[in-house]
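Subject: Structure for you to look at

Hello,

Here is the structure I promised to pass on. Please open it next to the notes below.

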Amino acid sequence: MPYLGSEQTVKELQRALSNPNIQCDQLRYRNTVLRVIRAMSQGVDVSGLFSEMVKACATVDIVQKKLVYIFLCSYAALNPELSLLVINTLRKDCQDPNPMVRSLALRNMTNLRLPSLVEYVEQPLTAGLRDRAACVRRVAVLGWAKLYNLQPGSDIDTGVVNELYSLLRDLDPVVMVNCLRALEEILKEEGGVAINKPITHHLLNRLKECDIWGQCEVLRYLQRYKPKSEEELFDILSLLDASLVSPHPPVMAATLSLFLNLCSSMPSVSLAALERVCGPLLAACGSGSREMKFTALCHIQLLLRSIPGLLGTHYKRFFCGYAEPAYIKQRKMQVLVELVNDENVGMLLDELKGYCTDVNPDTAQTAISAIGRIGRSYSDKCLAILTGLLGLKQDHITSAVVQTMCDLIWVCPRCSDTVCSSLEGCEETLQDSQGRQALLWLLSVYGEQISSAPYTLEVFIDEVKSEVSLGVKMELLTATMRLFLCRPAETQDTLGRLLHYCIEEETDMCVRDQALLYYRLLHCGLEETRRLLQARRSDPSLGVFIGHPAEPVSQWARSFNTLGPLKEGAMETESASKGSPEHVTSDPKPDSELSNTLSCSHTETGHSDGGNGSGSQPSDSSSGVVASSTSAPLSLSLSPLLTPEEFERLWLQRRVLHDEQGFEETKAEEEDCVWVEECIECTAIRHCSPQSLQATMQLVNIHTLAFTPPQALPWRIYLYTHAQHGTSQHSLILGELLYAGPASPHEDLRVETEEDEQVEDGDAEATAEGEDGEMSGIKVTLRLQPGDATCLRGFISVLRTVLNTH
């Protein structure tokens, strides 16, 4: 036989199909047809055999019919004229006594997908809907969906739709499910299949008759029905009760999704349903399918948002297996961080410590990062593990430990002594740029406590010519300048060499410009340089929230049993683990009694005068913007997440630029920035629990980033959110709540834009302070960018209502 793919091969197959001797032998004829299908599957163009294969379908051999139908459906579009010859044979087979032949002919008749053959297909499909064999009815129902998909602009036959609705009560459950799918396709322009009360109860009563995927399909369509009364709701929940603990994870997930949809106004029922699915979810985590295991882990993280301690006693089920892939190990470690408590912290840290030496660098770095997140609550135990890992002298481990220490020392300043004492000799092991940048940042901020800091920087400066990372060079410049301010004698020579190289020899303009900036800054004097560059440290009196408050189930219920949790897991980065560890949904919408009391559709057109009329008035431009507010609603969102470092940079950016460059240059830098300072009389708020206040803010999508202890003075809270007023673009709002002491009888409000930033500082201070120099009530300072005074006024109204309600 000629080699596969040649023209001679096709000609030989054609001669064999036309050979009467082969046609008389059923087995040889079938084998010849099989050779044609094999050649087609391997990429050989056998479209020239179409007419011979049409003849081959006239047989009583079902196997041969299936093979021929595969060929005809593949090449019908290339031979529309010859396809008419197939229709006659297919219509004849639709009347065959064998139901298998009838269903096979009907399926392939619709699979030809030729508009010119639609008129020949409608009659067999109509007859198929009334066929006595269930397998034929299954094919006929889906055939109508294929037919309407082939002609999307055609008019819908009401008779066909009514007959499909009547087939929802067919005795065969597969026919029932196929009717739902067909009606969804046919009526998609009208919103899909309509689910009313009789259909709902009929589908629920027959749910157990369907297979796994049929049950999932039925449960998905049932989400469209809203019960008319609470009694009907609980009747439906009773029918779904058995499916909620189904051993099949897809059925359990679909049932829980329906539960959450029906009980959106009953949080207690939703939480009870979440507790019941713990068993099936844990079983799915032990599944042999990696895909099923990963999906279950992602959905468990959703449940932990609303019930943080839900699976605390089953933490051992999330220990990583040796043969598990890296993405499952990383997901399990994220779950373990959420389950840590005083009782299991020791065992969890020992387990995570073993993962830190995993052969996969990504897994090891994830384990180190997880230990760092636990360190925000149990810093002593975690620091002992992290410092021990530095002794391994492995590049990727040392890099991850140093980066984790940067995050940990920022939120836990009391750890600085231990971190600084453990950094000796780390520069010899670090090879990647992220790790070196983290080490340089630690040297710049805590250089006073690290005795070898100048000599470590000297090693970096000696190798700066061979450094390829732009970030390392810029961080090295900053670290050297900052260390020079606190240890000038040891750093003066190395700083001079570094500035000379960066200005005279460096080819990158960013590094050169930064070096020139520092060089010219030194000419202004050490005091001015220290004021601008002195390393900022986190306030030791500030604490960062550990974990997150219980979120309403309604915030993530719609994403359950979808690809949403998997996408969130894929997009989760290290930056998301900095700051307060919380979860963010794609479109969080508050659903609580508190949020319902907030009216954000209006903003104030005037300013608070503190009750005595002594408040200062804004400029005309500001008041014009405020007064032009419309009735568009204000929406707040926590996404995207903002880290403490980004918050501080944005918060201080404008004021540093204003002090350094003056008003005109600051205006060019931030022409869309709006600032507001206001005093609110609610001093008792500082005596409440910080966790309670954060939970209250969370209800309206305001994230509380950091806080001081309740009885500390001055008492402050930092917060942020993303706001949108009407159809305007999203704006970032940064805020600070400050209480400095006993309230004075004055209250003031000041809105500041580019036009009124020239107000004298003395006047602003006079109006913002009382006669005794102390702030009245709670001072609220807000920063919005891009500027939208109307949006900012609405946010102040929300914040005032939240504080007074709390």
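The protein chain has 38 helices and eight strands. Helices (H or I, at least four residues) and strands (E, at least two) are DSSP runs, numbered from the N terminus.

This is a predicted model, in which local features need pLDDT of at least 70 and side-chain atom pairs count only at pLDDT 80 or more, while totals for chains, interfaces and linings use all residues. Residues are numbered from 1 along each chain as its sequence is written, and side-chain values use heavy atoms, with hydrogens and water left out.

Confidence

pLDDT is the predictor's confidence in each residue, from 0 to 100. The average for the protein chain is 79. A score of at least 70 is reached by 80% of the residues. Two stretches need care. Over residues 573–632, pLDDT stays under 50. The model has 132 contacts beyond four places in sequence for residues 573–632; contact means heavy atoms within 4.5 Å. Residues 743–776 also stay under 50 in pLDDT, and the model has 88 contacts beyond four places in sequence for them. Where pLDDT is low, the predicted coordinates should not be read in detail.

Overall packing

The protein chain has 806 residues, and 54% of them count as buried. Buried means under 20% relative accessible area, exposed over 50%, partly exposed in between (1.4 Å probe, protein chains only). Take the contacts between residues at least 6 apart in sequence: 72% of them join residues at least 24 apart. The protein chain exposes about 36,300 Å². Carbon and sulfur atoms supply 51% of that area. Accessible areas come from the Shrake-Rupley method with a 1.4 Å probe; for residues, only the protein chains shown count as cover.

Aromatic pairs

The structure holds nine aromatic pairs. Rings of Phe, Tyr and Trp (its six-membered ring) pair if their centres lie within 6.5 Å; planes under 30 degrees apart count as stacked, over 60 as edge-to-face and the rest as tilted.

One of the pairs is Phe 50 with Phe 71, which is tilted, at 6.2 Å centre to centre and 40° between the planes. Phe 50 sits in helix α4 (residues 50–56) and Phe 71 in helix α5 (residues 62–75), so the pair links distant parts of the chain, 21 residues apart. Both Phe 50 and Phe 71 are buried.

Another pair is Phe 294 with Tyr 327, edge-to-face because the ring planes are at 75°, with the centres 5.5 Å apart. Phe 294 is in helix α18 (residues 290–306) and Tyr 327 in helix α19 (residues 326–339), so this pair ties together parts 33 residues apart in sequence. Phe 294 counts as buried, at 17% relative accessibility. Tyr 327 is partly exposed, at 38%.

Phe 50, Phe 71 and Tyr 75 form one aromatic cluster. Arg 220 lies over the face of Tyr 221, at 4.6 Å from the ring centre. A charge sits over a ring if NZ of Lys or CZ of Arg is within 6 Å of the ring centre and within 35 degrees of the ring normal.

Helix α18

The end C-alpha atoms of α18 are 26 Å apart, which agrees with the 24 Å that its 17 residues should span at 1.5 Å a residue. The expected span is 1.5 Å times one less than the number of residues. α18 is mostly covered, with 13 of its 17 residues buried.

Buried positions

Leu 164 lies in helix α10 (residues 158–166). Leu 164 is buried, with a relative accessible area of 0%. Beyond four places in sequence, Leu 164 touches Leu 129, Val 141, Cys 179, Ala 182, Leu 183 and Ile 186. Leu 164 and Leu 180 are 16 residues apart in sequence and 8.4 Å apart in space, C-alpha to C-alpha.

Ser 243 is in helix α14 (residues 230–244) and counts as buried at 9% relative accessibility. Its contacts beyond four places in sequence are with Leu 207, Gln 215, Val 251, Met 252 and Thr 255.

Ala 723 lies in strand β5 (residues 715–725) and counts as buried at 0% relative accessibility.

Positive phi

Most residues other than glycine have a negative phi. Arg 113 has a positive phi, near 55°. Arg 113 lies in the loop between α7 (99–111) and α8 (118–129). Asn 561 has a positive phi of about 65°, and lies in the loop between β1 (543–544) and α31 (564–571).

Best wishes
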